[in-house]
Amino acid sequence: MAVLQAGGLTVELAQHDDVVPLGTVHPAGGGAISVHGIFKVGLIVDDFDKTLAALRVRGVGIAYDPYPKRSDQPANVMIRDNAGNFIQISGK
């Protein structure tokens, strides 16, 4: 895992050693995290609490409960798009 940050952009590179090419997975499944390629995108918002409240009001399903802000990470939450990919929303 590596996190690269510069000029307001954060790129997180993660390698899962046990993934396989998509062509060998079908019909085994396992979701996007189990095959090569993008399975998560993220964005940083100015007001994490307000964003989280708006997601809940709109009935957006939370994939993983919010993680609180710590000294080594901002507050963040994971939701899924309509294809099952993760969207990680982080506060500043």
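Helices (H or I, at least four residues) and strands (E, at least two) are DSSP runs, numbered from the N terminus. Keep that in mind when you pick elements by name.

This is a predicted model: local features need pLDDT of at least 70, side-chain atom pairs count only at pLDDT 80 or more, and totals for chains, interfaces and linings use all residues. Residues are numbered from 1 along each chain as its sequence is written, and side-chain values use heavy atoms, with hydrogens and water left out.

**Stop 1: the whole chain**

Show the protein chain as a cartoon. It has two helices and six strands. Trace it along the sequence and the pattern reads β-β-α-β-α-β-β-β.

The accessible surface comes to about 6800 Å², and 56% of it belongs to carbon and sulfur atoms. Such areas come from the Shrake-Rupley method with a 1.4 Å probe; for residues, only the protein chains shown count as cover. Of the 92 residues in the chain, 21% are buried. Buried means under 20% relative accessible area, exposed over 50%, and partly exposed in between (1.4 Å probe, protein chains only).

**Stop 2**

Select residues 2-6 for β1 and 9-13 for β2. These strands pair in the antiparallel sense over five bridges. Two strands pair if DSSP finds at least two bridges between them. Click V3: E12 in β2 stands opposite. The hairpin has two residues between the strands, and G7 takes a positive phi near 55°.

**Stop 2: the four-stranded sheet**

Next, select β3, β4, β5 and β6. These four strands form an open sheet in the order β3-β6-β5-β4, with mixed pairing. β3 and β4 stand at the edges, each with a single partner strand, so one side of each has no neighbour in the sheet. From one strand to the next, the twist averages 15°. Angles run from 0 to 180 degrees between N-to-C directions, and axes are lines fitted to C-alpha atoms, for helices over the stretch in contact.

Zoom in on β4 and β5. They pair in the antiparallel sense over three bridges. Y67 stands opposite N76 in β5.

**Stop 4**

Which strands does α2 lie across? The helix lies across β3, β4, β5 and β6, and runs at about 140° to β6.

**Stop 3**

Centre on L55. Leaving aside its neighbours within four places in sequence, L55 is in contact (heavy atoms within 4.5 Å) with V60, I79 and I89.

**Stop 4: S90**

Move to S90 in strand β6. Is S90 buried or exposed? S90 is buried, with a relative accessible area of 11%. Beyond its neighbours within four places in sequence, S90 is in contact with L43, I44, V45, F48, P74, A75 and N76.

**Stop 5: the aromatic pair**

The structure holds one aromatic pair. The rings of Y64 and F86 have their centres 5.5 Å apart and their planes at 40°, so the pair is tilted. The pair links distant parts of the chain: Y64 is in β4 (residues 62-67) and F86 in β6 (residues 86-91), 22 residues apart. Rings of Phe, Tyr and Trp (its six-membered ring) pair if their centres lie within 6.5 Å; planes under 30 degrees apart count as stacked, over 60 as edge-to-face and the rest as tilted. Colour the two by accessibility. Y64 is partly exposed at 39% relative accessible area, whereas F86 is buried at 6%.

**Stop 6: two loops**

Finish in the loops. I38 lies between α1 (22-25) and β3 (40-45). At 70% relative accessibility, I38 counts as exposed. Draw a C-alpha distance from I38 to N85: 8.0 Å in space, 47 residues apart in sequence.

G84 lies in the loop between β5 and β6. G84 counts as partly exposed, at 23% relative accessibility.
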